[in-house]
Amino acid sequence: MALMAQDTAPLVLNVTRGEPELVCPAEPTPRELKPLSDIDDQEGLRFQMPGIMFYRADPSMEGKDPVKVVKDALAKALVFFYPYAGRLVEGPKRKLIVDCTGEGVPFIEAEADATLEDFGDEIHPPFPLEDLLYDIPGTDGMLGTPLFIVQVTRLRCGGFIVAIRGNHVIADGTGVMQLMNAVGELGRGFTTPSVPPVWDRERLTAKKSTKVTFPHPEYDQHEEVNHHDSVNNQANLVQQSFLFGPTELAALRRNVPPHIKQFSSFDILSASLWRCRTIALGLDPEEEVRLLFAVNARNKFNPPLAKGYYGNACAFPAVCARAGDICHNDMAYILDLIRSTKKEVNEEYMRSIMNLMVTNDRPEFTVRQTYVVSDLRHLGFADVDFGWGKPVYGGPASNGSVPDASFFITFMNKKGDNMIMVPISLPPTAMDVFVKELRAMIDIYPSTFNHF
């Protein structure tokens with residue numbers, strides 16, 4: 001396991017930026033109202049989701065301007081993904097609806113006095129996002145604001161950076177990457193996206209029967225007792241990122257009794273991190289703790305959702321246990337909890353969430369003593385190709401802006417090895433304990449446990 005430098009100061013960039021320009025669909029699109037689904041329209045998804053991709057110069061693209069290529073391809077993609085060019089309005093009972101106005105997506109052209117090499121041998125968050133993705137005043141709200149923003153920043157070396165920000169209610173990570181891969185294809189000369197977008201939000205909308213058939217502790221609402229004294233007090237947090245390759249994952253697997261079979265890298269990593277984090281926080285053994293994780297439910301429906309469905313289609317089921325049980329039981333106990341919770345997610349579970357949303361005024365996700373993990377490795381960030389090849393880095397634009405969440409990100413080291421990068425945010429003393437516990441689980445020589 002490699003430990004990346006904590007609280008790394010992002011590179012200071014000198015960026016010259018043009019005024020935001022609205023990119024509209026390249027052809028006329030329908031003017032209509034399109035209600036979001038009841039999985040889209042959750043209070044907990046009403047936020048903006050940034051991402052970023054770094055590209056090297058390519059001699060075969062000599063004379064091509066990445067700004068023009070991306071901008072023109074975006075206009076073509078918006079013909080197919082035309083709701084993205086609209087704006088949100090609110091209907092009865094706070095129901096969010098896309099007004100397909102065709103107003104367009106803000107696009108920012110920029111130049112940075114820097115090269116790709118200035119970002120280091122191994123590009124990883126945090127990045128100077130305030131330079132690479134202009135925070136356009138007045139665009140943070142839900143209603144009447146752009147659903148997507150793109151900034152393309154040219155670099156001195158001929159490389160470039162594409163930074164994006166999407167409203168989470170219109171698409172999950174899979175959906176956003178479907179849009180961006182379509183932009184890439186159209187930029188490379190395709191006439192239509194290889195995966196045509198599908199709206200079909202009606203399938204994930206509550207029916208006449210609104211019975212909640214499953215318990216949903218992921219939406220339990222607690223009083224804010226001592227909440228701000230916990231890990232959520234961001235002012236007192238340090239942030240470190242950890243790298244896990246085949247050696248580290250094999251070491252974690254050795255903590256699992258031999259009779260436990262068929263668990264994924266995601267399962268063992270989530271269980272290990274949750275255990276170490278719970279120990280590090282020093283909670284009362286009787287305190288309830290929760291692990292929330294994203295489960296893509298596209299294939300849980302009968303029939304499965306269409307391949308081109310780009311709306312939100314994830315559940316975030318909660319594993320609940322006493323802190324003492326997580327700290328003192330073996331890994332088999334935690335893995336069994338995770339696997340049994342995963343198995344609950346089926347079409348009826350998703351319908352139960354939809355019904356909960358419409359009967360309970362779209363509750364927030366629970367936050368008290370909750371740790372969220374989300375595996376972003378297979379979303380398609382690494383595949384977005386505008387003609388310059390695949391990105392050197394593609395993924396979240398920050399490595400832990402949500403203090404109680406960890407994203408699993410694909411990371412390629414200098415040797416070309418694919419690793420899993422996981423950001424962790426904790427108070428300083430808790431971080432020391434966390435590192436000690438994780439090191440003990442992996443049982444590696446101190447010389448391999450290094451700072452970048």
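A residue counts as buried when its relative accessible area is under 20%, as exposed when that area is over 50%, and as partly exposed in between (1.4 Å probe, protein chains only).

The structure is a predicted model, in which local features need pLDDT of at least 70 and side-chain atom pairs count only at pLDDT 80 or more, while totals for chains, interfaces and linings use all residues. Residues are numbered from 1 along each chain as its sequence is written, and side-chain values use heavy atoms, with hydrogens and water left out.

**Aromatic rings**

A pair of aromatic rings is described by the distance of the centres and the angle of the planes. Rings of Phe, Tyr and Trp (its six-membered ring) pair if their centres lie within 6.5 Å; planes under 30 degrees apart are called stacked, planes over 60 edge-to-face, and the rest tilted. How many aromatic pairs does a search of the whole structure find? The search finds 17. Here are two of them.

| Pair | Type | Centre to centre | Angle between planes |
|---|---|---|---|
| Tyrosine 84 and tyrosine 310 | stacked | 6.2 Å | 20 degrees |
| Phenylalanine 214 and tyrosine 349 | edge-to-face | 5.1 Å | 70 degrees |

A charge sits over a ring if NZ of Lys or CZ of Arg is within 6 Å of the ring centre and within 35 degrees of the ring normal. The charged end of arginine 201 sits over the ring of tryptophan 199, 3.9 Å from its centre, and over the ring of tyrosine 310, 4.9 Å from its centre.

**Cysteines**

A disulfide is a pair of cysteine sulfur atoms within 2.5 Å, and by this rule the count comes to zero. Cysteine 276 is buried, with a relative accessible area of 0%. For cysteine 24, the closest cysteine sulfur is in cysteine 100, 13 Å away and again too far for a bond. Cysteine 24 is partly exposed, at 35% relative accessibility.

Helix H7 (residues 331–343) has 13 residues and reaches 18 Å from its first C-alpha to its last, close to the expected 18 Å. The expected span is 1.5 Å times one less than the number of residues. Its buried residues are Met331, Ala332, Ile334, Leu335, Ile338, Arg339 and Thr341. They pack against helix H5 (265–281), strand S12 (288–293), strand S15 (318–322), helix H6 (323–328) and helix H9 (428–442), where contact means heavy atoms within 4.5 Å.

H5 has 17 residues and reaches 24 Å from its first C-alpha to its last, close to the 24 Å expected. This helix is mostly covered, with 14 of its 17 residues buried. Glycine 282 follows H5 and has a positive phi, near 60 degrees.

Most residues other than glycine have a negative phi, and most peptide bonds are trans. The peptide bond from asparagine 302 to proline 303 is cis, with omega near -5 degrees, and proline 303 is found in the loop between S13 and S14. Arginine 94 has a positive phi, near 65 degrees, and is partly exposed, with a relative accessible area of 26%. Arginine 362 has a positive phi near 50 degrees, but arginine 362 is buried, at 6%.

Key: Helix = DSSP H or I, 4+ residues; strand = E, 2+ residues; numbered from the N terminus.
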